[in-house]
Amino acid sequence: MADDGIPQAEDPFLTAGELALGVLEGSDLAAARRSQLVDAAFAEAVEWWETRLGAMGEAAGSGVPSDTVWQGVEARVDALDGADNVELPMTGRRGPAGWSIVTAIVGLGAAAAALVLFLSTPATSPVAPPQIASTPGDQLVAQLGDDETNRSLASRIDPDSGELRLAISGLQADTGKTPELWVIPAGGAPISLGAIPEEGDFSRDLSTEESALLVAGATLAVTFEDDTGERHETPTMPILLAGALAEV
Amino acid sequence: MSEGREALSGAIAGVAGGDRAALKTVYRLTSAKLFGTIIRIVPERERAEDILQDVYVKVWRRAGRFDGSKGSPITWLCTIARNTALNELRRDGRKVEPPADTLPEVEDSDALPADEWLCAMEESQALARCLQELSGDQRRSIRLAFFEGYSYSELAKKVDVPLGTMKSWVRRGLAGLKGCLGG
């Protein structure tokens, strides 16, 4: 405890409580979200708090939503079910000629240069290893960060449930642009995983094809792309963030 | 387990199995409650309804992850609703301030919820008892953060105390709850 008598957030269990309560902001929030994704014990503590504090929510009032809400839910669930049956057109393809090491290196920042080197020499990857908790398990995590721009993305993939979870910070794009997530299989070409939010938590189910690509040793990367609502064939430079997936 | 809670758990299990009718049952049983949770945090009807939609799409995808041994089904649903609303708030900001008179509503209200049949009464009562053991400032700050979705700096501004004081109240309150609830 510090001199001012404030219990410091050094106790991760209390930090988990602060995250569950929703009071954290800025870099504290980003750090806690990253911990939630890469530290199983911390994630469990957040769940503990959510369940305990959630009981308070039962005293909240209720309201009557419009009928259109249910119609919207049905339409979106229909769309989801339909999407599950559509094959990813890009899956399994090799890289287009445009994705060469020479073109990629020109004008890139450190993260992207590291990524390109990683692609060319995967056995001696200069990409910083993800800072992961030492809890054994079969989940995959990658921590992508750039101290200069304060952009960060922590990702966790649960192969059992086939879910991708992201904690995103500082990826604000210009009007008409959106952050897009890519997976680069070891020695392969980038394949889009679609647009992601600029900030906050995000999760979605992975298709079978996507899950097959998201394995230890593959690299995740983020670029800004035109917000067309569709996945792009090739990434637009610069690569904003890049990092390798590792098992925890 | 109450009849309502059992029905809701059963419906969530149905959703996990891909049963669309079960999703409608979950919606019918809980949409008013979840809408109430969301609109406290995002007090704009249209925006709150969009979030409510997001929540049930998440429920459709995640129902298989509900574990009845860890908590009640309504708490699980309320947590998804609350987190989705908080994410929306953090992303797009608070466009409309909740009316100032909402403060007393969340203060120390021990009134039983109207849809009591849904609730995990044991958990609610344990939490209510532990909250009562906190100081008034700690209790009110935690309630205000929970119900209105305020961050530390928003709470400090709302209650008009220094940020450090607010952090102290909340952290001490959480530490008290941790001890009381056996964390």
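This is a predicted model: local features need pLDDT of at least 70, side-chain atom pairs count only at pLDDT 80 or more; totals for chains, interfaces and linings use all residues.
Helix H4(B) gives the most to the lining of the largest cavity, contributing 4 residues. Chain A has 7 helices and 9 strands, whereas chain B has 9 helices and 0 strands.

**The largest cavity**

- The structure holds 3 cavities of 30 Å³ or more.
- The largest cavity contains about 60 Å³ of space.
- Chain A supplies A:Ala20, A:Glu50, A:Leu53 and A:Gly54 to the lining of this cavity, and chain B supplies B:Cys78, B:Thr79, B:Arg82, B:Asn83 and B:Phe146.
- Two elements give two or more residues each to this lining, namely helix H3 (40-57) of chain A and helix H4 (73-92) of chain B.
- Sorted by class, the lining of the largest cavity consists of 4 nonpolar, 3 polar and 2 charged residues.

**Salt bridges: the overall picture**

- Side chains of opposite charge can pair when their charged atoms come close.
- Over all chains, the structure contains 16 salt bridges.
- One network of salt bridges links A:Glu163, B:Arg62 and B:Arg65.

**A salt bridge between distant parts of chain A**

- A:Arg33 and A:Asp201 form a salt bridge in which the closest N and O atoms are 2.9 Å apart.
- This pair connects distant parts of the chain, with A:Arg33 in helix H2 (residues 26-38) and A:Asp201 in strand E6 (residues 200-205) of chain A. The two residues are 168 residues apart.
- A:Arg33 has a relative accessible area of 6% and therefore counts as buried, since buried means under 20%.
- A:Asp201 counts as partly exposed, at 28% relative accessibility.

**A salt bridge between the two chains**

- B:Arg20 and A:Asp78 meet through their side chains in a salt bridge, with an N to O distance of 2.7 Å.
- The pair joins two chains, because B:Arg20 lies in helix H2 (residues 20-41) of chain B and A:Asp78 lies in helix H4 (residues 67-84) of chain A.
- B:Arg20 is partly exposed, with a relative accessibility of 23%.
- A:Asp78 is also partly exposed, with a relative accessible area of 45%.

**A salt bridge within one helix of chain B**

- The side chains of B:Arg45 and B:Glu49 form a salt bridge, at 3.3 Å from N to O.
- Both residues belong to helix H3 (residues 45-62) of chain B, where they are 4 residues apart and so are separated by about one helical turn.
- B:Arg45 is partly exposed at 42% relative accessibility, whereas B:Glu49 is buried at 9%.

- A:Ile157 is part of strand E2 (residues 151-158) of chain A.
- With a relative accessible area of 4%, A:Ile157 is buried.
- When residues up to four places away in sequence are not counted, A:Ile157 touches A:Gln139, A:Leu140, A:Glu163, A:Leu164, A:Leu206, A:Leu214 and A:Leu245.
- One of these neighbours, A:Glu163, also belongs to the salt-bridge network with B:Arg62 and B:Arg65.
- A:Ile157 and A:Asp205 are 48 residues apart in sequence, and their C-alpha atoms are 9.6 Å apart in space.

**Chain A as a whole**

- Chain A has 248 residues, of which 51% count as buried.
- Among contacts in chain A with a separation of 6 or more, 63% are between residues 24 or more positions apart.

**Chain B as a whole**

- From the N terminus on, the elements of chain B follow the order α-α-α-α-α-α-α-α-α.
- Of the 183 residues in chain B, 54% are buried.
- Residues 24 or more positions apart make up 68% of the contacts in chain B with a separation of 6 or more.
- Chain B has an accessible surface of about 7800 Å², and 50% of this belongs to carbon and sulfur atoms.

Notes: Residues are numbered from 1 along each chain as its sequence is written. Chains are lettered from A and ligands numbered from 1 in the order in which they are written. Side-chain values use heavy atoms; hydrogens and water are left out. On a 1 Å grid over the protein atoms alone, a cavity is a set of points where a 1.4 Å probe fits but cannot get out, and a pocket is an open set with protein on both sides within 12 Å along at least five of seven lines; lining residues have an atom within 4 Å of a point. Grid points are joined across faces, edges and corners, and a volume is the space filled by probe spheres set on the points. Ala, Val, Leu, Ile, Met, Phe, Trp, Tyr, Cys and Pro count as nonpolar, Asp, Glu, Lys and Arg as charged, and the others, Gly among them, as polar. A salt bridge is a side-chain nitrogen of Lys or Arg within 4 Å of a carboxyl oxygen of Asp or Glu. Buried means under 20% relative accessible area, exposed over 50%, partly exposed in between (1.4 Å probe, protein chains only). Contact means heavy atoms within 4.5 Å. Accessible areas come from the Shrake-Rupley method with a 1.4 Å probe; for residues, only the protein chains shown count as cover.
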